[in-house]
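Please keep the sequence and the three-dimensional view at hand while reading.

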Amino acid sequence: MKSVLVIGSGGRCHAIVHALHKSPSVGKIYCAKGNPGIAQWAELVPIKETDINALRDWAIENKIDLTVVGPEVPLSLGIVDEFRKVGLKIFGHTQAATQIESSKEFAKIMMQKAHVPTAAFRSFKDYSEAFDYVKSRPFPAVIKYDGLAAGKGVVIAYDLEQAQVALQDMLLNNTFGHDKVVIEDFLQGPEFSLMCFVCGKQVVAMPLAQDHKRVFDGDKGPNTGGMGAYTPLPFITPQEKQFAIDHIMQPIANQMAEEGCPLSGVLYGGLMKTADGIKVIEFNARFGDPETEVVLPLLESDIYPMLYAVATKQQLPSLHWSNKAVMGVVLASKGYPGKYEKGSPITGLNDYDGIVYHMGTAIHDEQLQTAGGRVMIALAITDSLSLSQQKVYQQIEKIHCPQLFYRKDIGHWAFEENTEQTVVIDGKQMALQIKEKVREKVDSLISQNKRVPALAVILVGDNPASKTYVNGKIKACALTHIESHLINLPETISEQELLEQIETLNNDDQIDGILVQLPLPKQISTEKIINAIAPEKDVDAFHPINVAHLWNAKTDLVPCTPKGIMHMLREMQIDIDGRIAVVVGRSNIVGKPIAKLLLDANATVIMAHSHTKNLEEITRMADILVVAVGKKHCIGKQHVKRGAVVIDVGINRDIDGKLYGDVNFDEVKPLASYITPVPGGIGPMTIAMLMENTLDCYKLRNK
Ligand code: NAP
């Protein structure tokens with residue numbers, strides 16, 4: 001069994017110690033200096049985290065197998081170099097590698113060299129040069145002190161006056177004790193954190209988390225070390241996370257290795273999802289706080305082999321994480337991040353159902369007391385973020401302390417609606433315009449004394465839904481001045497009789513389009529009927545020859561619903577090229593042809609169906625989501641990425657006769673950028689396209 005020394009004393013270290021406590025490889029845990037919460041699982045060592053020589057000597061004396069460094073200060077003081085000099089195994093970056101956090105300028109240079117997306121920047125030593133630069137840039141401007149500033153060395157200046165004060169503080173008044181600033185363009189979008197275990201060029205990512213930096217609800221007030229965090233993040237798709245790993249974390253790890261200062265600890269990416277994609281705000285060279293407190297409880301693997309492999313430059317193991325949702329709320333001393341009192345008694349922790357990590361507590365006269373700005377972080381771990389949020393705020397009431405306060409809105413980004421307004425696409429209006437154009441063309445034929453296009457619609461039996469659809473089609477013919485021939489056949493008609501009827505229509509010169517309303521009675525093979533319709537009269541474009549033409553990009557006739565969807569996307573000027581489209585449902589009528597058309601428009605297309613595992617994960621990748629399943633409300637908010645275009649093809653009729661889509665419209669609308677309603681979305685567009693197709697068949701036959 002291994003003995004481990006953890007260096008640090010906050011909530012982050014409590015979470016690390018907790019993970020080590022669960023490790024079957026670890027026997028004894030020590031923590032310098034730790035806190036009363038950590039003391040539950042580790043023996044506290046009264047050595048300051050900055051007293052590197054004393055820590056090193058203590059580790060040698062106590063035959064420590066592995067030391068794990070929590071905070072940034074000992075790393076930047078070179079604790080890792082010092083320990084390694086004497087052959088001690090230690091998890092954390094060398095002093096040189098820690099520059100990725102301790103020097104903003106160094107980090108920016110690494111990003112530039114590795115082509116990692118980040119905001120434009122310049123660094124300055126001279127006050128007046130910095131002032132001139134900031135004057136020349138758009139506001140707000142981000143002014144960062146170039147050195148460790150305990151999370152407080154960043155000012156977002158909204159005007160020149162604020163910029164001037166910040167620059168004076170950082171360059172003239174020596175508030176933080178150094179003399180360099182980085183001035184960056186301001187990026188906009190939700191921020192989030194991605195922590196990775198990194199050893200040289202090996203990168204193993206942890207679950208994403210989001211911190212809440214501002215002290216008050218609604219992200220107001222001054223910056224703090226973090227007032228709460230949660231995981232997972234519904235607004236970041238799996239592929240956006242993969243982008244961050246492949247294009248940010250991995251290239252930085254590679255660059256650092258190539259620069260001769262390889263990473264050997266946690267690389268923390270402070271990232272932002274901007275309108276132009278994921279960009280880097282900053283890097284930290286250690287576990288984030290409070291992100292670690294919400295991420296590490298999800299680790300199902302033994303943490304020790306990972307920490308040891310990083311420390312000893314071995315092959316990193318893969319890790320298993322629970323997919324539960326964690327919400328963590330920080331209890332802070334009133335007045336924080338400004339002046340606050342210490343020594344206020346805390347009670348009720350034993351009644352808390354869940355984990356509470358200590359951040360700044362002390363015990364005096366056997367009484368737990370506040371001893372820091374951020375005092376503890378209370379967690380709830382459940383199956384969903386909303387349940388975790390509910391639970392953490394219920395449970396937190398059980399913790400009593402007159403001097404503590406906490407934010408009431410941790411996790412708000414996860415539940416926030418799309419800030420842009422959702423466009424509900426009016427298919428009826430769009431369809432009307434198409435039908436009017438068809439009518440103009442038909443009228444021009446009439447004015448030239450030419451024959452009018454004619455559509456034959458065959459309805460077998462008296463299924464009420466089919467009757468409604470057929471009526472809609474006949475009405476559209478009337479509106480467009482296309483001639484319609486409704487052929488109503490009995491439910492009991494034989495397949496042969498129907499085939500003969502189709503043959504008659506095929507041979508009828510006065511008929512341009514033939515449509516057989518589906519579904520057909522059991523005695524008739526749909527396939528045989530579709531195959532019997534003459535390809536040049538096949539207004540639905542279901543005949544194998546027309547299907548083949550579509551897949552060969554010879555698109556004379558395109559099936560009506562997919563054609564309507566494409567028309568709608570183009571009409572709304574929705575970007576398709578290079579975007580990810582997910583099609584749910586793989587019918588020959590909708591799913592497959594729309595996938596082909598989207599591919600032709602240069603989308604990356606994923607098809608999902610009734611056997612697709614973890615459908616949510618797939619659909620949440622979609623920039624454009626097309627659903628044609630026929631299952632009421634099978635797509636809810638959990639399936640949809642914020643900002644997605646959602647096209648609902650499904651039509652489901654309730655017992656009361658009301659129509660519903662496959663998409664839960666009320667739930668999904670707040671997330672979507674564009675959405676089609678049911679009814680009134682794709683339905684009318686399908687009929688409008690049927691009119692276009694009839695006209696196209698007429699033209700094809702009269703070429
Ligand atoms: P369909 O022949 O009814 O087939 C449905 C498809 O959905 C199948 O490919 C099936 O997959 C898939 N599916 C079923 N349950 C699923 C689930 N839980 N998750 C993912 N996929 C699932 O298809 P359709 O003709 O395309 O019709 C689909 C819906 O669209 C129906 O409600 C229909 O009324 C409507 N529709 C509307 C219009 C319009 O004009 N608005 C036009 C056409 C269709 P498997 O192949 O794996 O079984």
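Axes are lines fitted to C-alpha atoms, for helices over the stretch in contact, and the angles between them run from 0 to 180 degrees between N-to-C directions. The model described here is a predicted one. Two packed helices are described by the angle between their axes and the distance between the axes. The points below take up helix packing, the ligand and some details of the backbone.

**Helix 14 and helix 15**

- Helix 14 covers residues 427–447 and helix 15 covers residues 464–480; their axes lie 8 Å apart, at an angle of about 50°.
- Angles of 65 to 115 degrees count as roughly perpendicular, under 35 as roughly parallel, over 145 as roughly antiparallel, and the rest as oblique; helix 14 and helix 15 are therefore oblique to each other.
- On the side of helix 14, the residues in contact are L432, K435, V438, R439 and V442, and they meet A476, L479 and T480 of helix 15.
- By class, this contact of helix 14 with helix 15 has 5 nonpolar, 1 polar and 2 charged residues.

**Helix 14 and helix 19**

- Between helix 14 and helix 19 the packing angle is about 100°, and the axes are 11 Å apart.
- Helix 14 and helix 19 are therefore roughly perpendicular to each other.
- G427, M430, Q433 and I434 of helix 14 make this contact with H567, M568 and E571 of helix 19.
- The residues of the contact of helix 14 with helix 19 divide into 3 nonpolar, 3 polar and 1 charged.

**Helix 19 and helix 23**

- Helix 19 spans residues 560–571, and its axis comes within 8 Å of the axis of helix 23, the two crossing at roughly 110°.
- That angle makes helix 19 roughly perpendicular to helix 23.
- From helix 19, the residues C560, T561, K563, G564, I565, H567 and M568 meet I682, M685, T686, M689, L690, E692, N693 and D696 in helix 23.
- Sorted by class, the contact of helix 19 with helix 23 comprises 7 nonpolar, 5 polar and 3 charged residues.

**The ligand and its surroundings**

- Around the ligand there are 19 residues, of which R586, S587, S610, I651 and T686 come nearest.
- By class, this shell has 7 nonpolar, 10 polar and 2 charged residues.
- Helix 23 (residues 682–701) gives the largest share of the shell, 3 residues.
- T686 belongs to the contact of helix 23 with helix 19, and a polar side-chain atom of T686 lies 2.8 Å from an oxygen atom of the ligand.
- S610 has a polar side-chain atom 2.7 Å from an oxygen atom of the ligand.
- In V649, by contrast, a backbone N or O atom lies 3.4 Å from a nitrogen atom of the ligand.
- On its own the ligand has 900 Å² of accessible area, and the protein covers 71% of that area.

**Details of the backbone**

- Most residues other than glycine have a negative phi, and most peptide bonds are trans.
- The peptide bond from T231 to P232 is cis, with omega near 0°, and P232 is found in the loop between strand 15 (228–231) and helix 9 (238–258).
- A cis peptide bond also runs from D289 to P290, with omega near 20°; P290 is in the loop between strand 17 (277–284) and helix 10 (291–295).
- H481 is not a glycine, yet its phi is positive, at about 70°.
- The loop that holds H481 lies between helix 15 and strand 26 (483–489).

Note on methods. Residues are numbered from 1 along each chain as its sequence is written. This is a predicted model: local features need pLDDT of at least 70, side-chain atom pairs count only at pLDDT 80 or more; totals for chains, interfaces and linings use all residues. Side-chain values use heavy atoms; hydrogens and water are left out. A residue is near a molecule or strand if one of its heavy atoms lies within 4 Å of it. A polar contact is a pair of N or O atoms within 3.5 Å; within protein, one must be able to donate a hydrogen and the other to accept it, and residues adjacent in sequence count only if both atoms are side-chain atoms. Accessible areas come from the Shrake-Rupley method with a 1.4 Å probe; for residues, only the protein chains shown count as cover. Helices (H or I, at least four residues) and strands (E, at least two) are DSSP runs, numbered from the N terminus. Ala, Val, Leu, Ile, Met, Phe, Trp, Tyr, Cys and Pro count as nonpolar, Asp, Glu, Lys and Arg as charged, and the others, Gly among them, as polar. Contact means heavy atoms within 4.5 Å.
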